[in-house]
Amino acid sequence: MKLAATKPITLVLARELALAALLLVGVSFVVFVILYLSPGDPFSVLLEGQISNHAARAGLREALGVPRTWYVQYLSWLGNLLQGNFGTSIRTGLPVFGEIARVALSTLYLTLGSMLVTLLIAVPIALHSSVRGTTALNWLLTMLAYVVSALPVFWLGYVAVYVFIHQFGVFPLTARIAASSERTWPFSLLPIFVLGIGNGTVSEVVRHLREEMSRVMGEDYIRTARAKGASVWRHAFKEGLLIPMTEIIASKIPFILGGAVIVEQVFNWPGMGRMAWQAAQDRDFPVIMGIAMIAATLVRLGSLLQRVVYVAVNPRASNERRGAAWAE
Amino acid sequence: MKRYSQTTGEVGESSDLSPWKTADALDLVYVGYGLLIVVLVLVSYVLGAFTWLPYDPEQIRVDLLNAPPGSAGHLLGTDFLGRDILSRLIVGIQAYFLPGLLAIVISLLLGTTLGALAGYRSGEVETLVTYFNNLVDSFPRLVLILLVIAAFKPGIYYIMVVVGVTGVPAVASLIAVSPPEEFHRGGPCPGSAVARDSSQAHPVASLHAAAGHPGDHRHGRGDFDRD
């Protein structure tokens with residue numbers, strides 16, 4: 001019995017891990033190809049005006065491995081990547097992995113917080129409208145969610161800064177910089193709320209949850225539960241709320257990470273997004289390659305978690321043969 | 001629990017109501033938004049072409065920096081260089097629209113091709129397309145844009161190619177997930193929100209939406225037997 005309960009998870013975990021690894025190799029290849037195709041090489045930015053001697057430049061290029069063939073470059077980069085060596089930043093000369101790790105936590109803090117805000121707004125609306133049907137109140141709230149989701153996050157960010165910091169002075173402006181300060185968290189509230197509201201996913205979360213929940217509410221087993229006086233909520237929770245929630249979160253991670261880039265820029269938040277922005281302007285290839293890889297890893301991790309939750313709730317799903325599901 | 005106004009009743013039977021009556025409020029919002037964009041673009045081109053702009057969008061007026069809306073005939077005020085904001089908005093719509101069109105054309109062309117391929121030839125082709133979709137979906141769009149900006153020079157058309165390519169998975173899974181029989185059976189519209197959301201949400205099984213839901217319910221196709 002115990003074996004039957006644990007086996008699907010391990011099976012799915014193994015399969016999903018293999019798939020995630022395969023996808024990440026693909027991601028690394030795409031990242032490499034884009035930067036390989038770029039005109040010139042990044043070291044021309046570095047060397048320009050610093051070393052005038054042509055022979056010395058060529059020598060440095062040789063030492064940095066520029067003239068090698070593309071697949072040798074790719075494989076050596078991938079090999080280093082697998083050992084946790086993301087290279088060194090062209091601009092600062094520090095190891096990329098350490099640089100990213102330094103700021104990754106604050107990005108995680110921002111994105112997880114904003115995800116929570118999104119769910120706190122969307123879940124009550126979705127539940128209310130799926131259980132009660134369309135009432136005037138939740139129609140209004142749903143429309144509001146759509147309007148709010150349409151607001152671009154950069155606009156919302158600047159408006160929030162203007163209104164809450166300049167006009168009312170509710171939030172401090174720069175507390176995050178002094179990390180030891182005990183008034184750090186009030187500042188982080190504003191970016192978290194802006195990203196949570198403005199990442200454009202509120203309406204989709206509402207729609208997805210509402211559709212799933214009202215579908216589940218119409219199922220036979222809910223009718224049975226209702227008929228015998230059991231808790232409808234307890235029966236509907238797994239399929240109606242837990243699974244759709246993990247699904248929608250997993251699929252929206254890229255959007256939230258993308259929104260984080262902008263919010264970090266607006267609020268001067270020292271995170272991965274700002275680092276990527278800076279790296280793009282400096283053409284700091286190792287940094288931006290590392291950030292792209294780590295962002296893709298986070299996305300894959302979210303999908304993995306979603307899949308695990310899905311199979312944990314419904315072990316039968318692990319047996320289904322992929323690709324033949326709708327062919328029946 | 002009757003929620004869907006689009007339910008088509010018996011198999012093969014079409015609704016008597018006009019599309020406007022059966023449409024979701026949300027569909028109307030989408031159509032309205034699309035029409036609004038078209039109207040705005042038309043207005044922009046017409047006004048731009050006939051130079052009926054209130055002011056020259058490039059004209060700098062040092063005496064009117066950051067003027068509030070409504071002052072001195074500037075309906076929306078002026079910017080930090082004293083340029084008329086309304087005129088700049090009208091002209092700016094053109095720059096906003098054309099690259100976006102490019103992105104949409106790319107996603108539609110590529111996505112429809114891949115989706116149709118995957119839908120008609122299941123098996124290896126579908127696996128490949130699924131892999132491609134998951135690959136593209138692994139990138140946060142903005143990070144990919146920054147990557148391309150770093151690699152090539154920053155330009156709106158480079159960015160729009162990225163936006164177009166990152167839009168491919170959504171289109172491809174939408175097309176692939178609606179098998180031909182669906183149309184004969186009078187099933188739900190393949191573009192309905194049900195198919196769209198679930199196909200995006202599944203990380204791996206993204207092509208066959210909602211495969212193997214608990215209770216063997218296939219949404220997107222079980223819809224029509226619900227009252």
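Q: How many of the residues of chain B count as buried, as a percentage?
A: Of the 227 residues in chain B, 34% count as buried. Please note that this is a predicted model.

Q: And what is the figure for chain A?
A: In chain A, which has 328 residues, buried residues make up 38%.

Q: What is chain B built from, helices or strands?
A: Chain B has nine helices and zero strands.

Q: How many helices does chain A have?
A: Chain A has 13 helices, with zero strands.

Q: What share of the contacts joins residues at least 24 apart in chain A?
A: Among contacts in chain A between residues at least 6 apart in sequence, the share is 71%. In chain B, residues 24 or more positions apart account for 61% of the contacts with a separation of 6 or more.

Q: Let us turn to the core. Which residues touch the most other members of the largest nonpolar core?
A: That core has 96 residues, and those touching the most other members are Ala276(A), Ile288(A), Ile291(A), Ala292(A), Val143(B), Leu146(B) and Leu147(B).

Q: Which helix gives the most to this core?
A: Helix H11 of chain A, residues 232-267, gives the most, with 14 residues.

Q: What does Ile288(A) touch?
A: Leaving aside residues up to four places away in sequence, Ile288(A) touches Ala276(A), Ala279(A) and Ala280(A) in chain A, together with Leu146(B), Leu147(B) and Ala150(B) in chain B.

Q: How do H12(A) and H5(B) lie relative to each other?
A: The axes of H12(A), residues 272-282, and H5(B) come within 7 Å and cross at roughly 20°. Because angles under 35 degrees count as roughly parallel, H12(A) is roughly parallel to H5(B). Their crossing is left-handed.

Q: Which residues meet there?
A: Ala276(A), Trp277(A), Ala279(A) and Ala280(A) of H12(A) meet Val143(B), Leu146(B), Ile149(B) and Ala150(B) of H5(B). By class, this contact has eight nonpolar, no polar and no charged residues.

Q: What about H5(B) and H6(B): at what angle do they cross?
A: The axes of H5(B), residues 141-151, and H6(B), residues 156-166, come within 10 Å and cross at roughly 145°. The crossing is right-handed.

Q: Which residues make that contact?
A: H5(B) contributes Arg141(B), Leu144(B), Ile145(B) and Val148(B), while H6(B) contributes Tyr158(B), Ile159(B), Val162(B), Val163(B) and Thr166(B). These divide into seven nonpolar, one polar and one charged.

Q: Back to chain A. Where do H5(A) and H9(A) stand?
A: The axes of H5(A), residues 96-132, and H9(A), residues 202-217, come within 8 Å and cross at roughly 35°. This crossing is right-handed. The contact includes Leu119(A), Ala122(A) and Ile125(A) of H5(A), and Val205(A), Leu209(A) and Met213(A) of H9(A). By class, it has 14 nonpolar, four polar and one charged residues.

Q: One last item: is Gly119(B) buried or exposed?
A: Gly119(B) is buried, because 24 other C-beta atoms lie within 10 Å and the cut-off is 20 or more. Gly119(B) lies in helix H3 of chain B, residues 85-120.

Q: How are Gly119(B) and Ala172(B) separated?
A: Their C-alpha atoms are separated by 9.1 Å, and the two residues are 53 residues apart along the chain.

Notes: Residues numbered from 1 in each chain as written. Chains lettered and ligands numbered in written order. Predicted model: local features only at pLDDT ≥ 70, side-chain atom pairs only at ≥ 80, totals over all residues. Axes fitted to C-alpha atoms, helices over the stretch in contact; angles between N-to-C directions. Helix = DSSP H or I, 4+ residues; strand = E, 2+ residues; numbered from the N terminus. Left-handed = near helix turned anticlockwise from the far one by under 90°. Contact = placed C-beta atoms within 7 Å. Nonpolar A, V, L, I, M, F, W, Y, C, P; charged D, E, K, R; others polar. Core = buried A, V, L, I, M, F, W, Y, C linked by C-beta atoms within 7 Å. Buried ≥ 20, exposed ≤ 12 C-beta atoms within 10 Å, placed from the backbone. Parallel < 35°, antiparallel > 145°, perpendicular 65-115°, else oblique.
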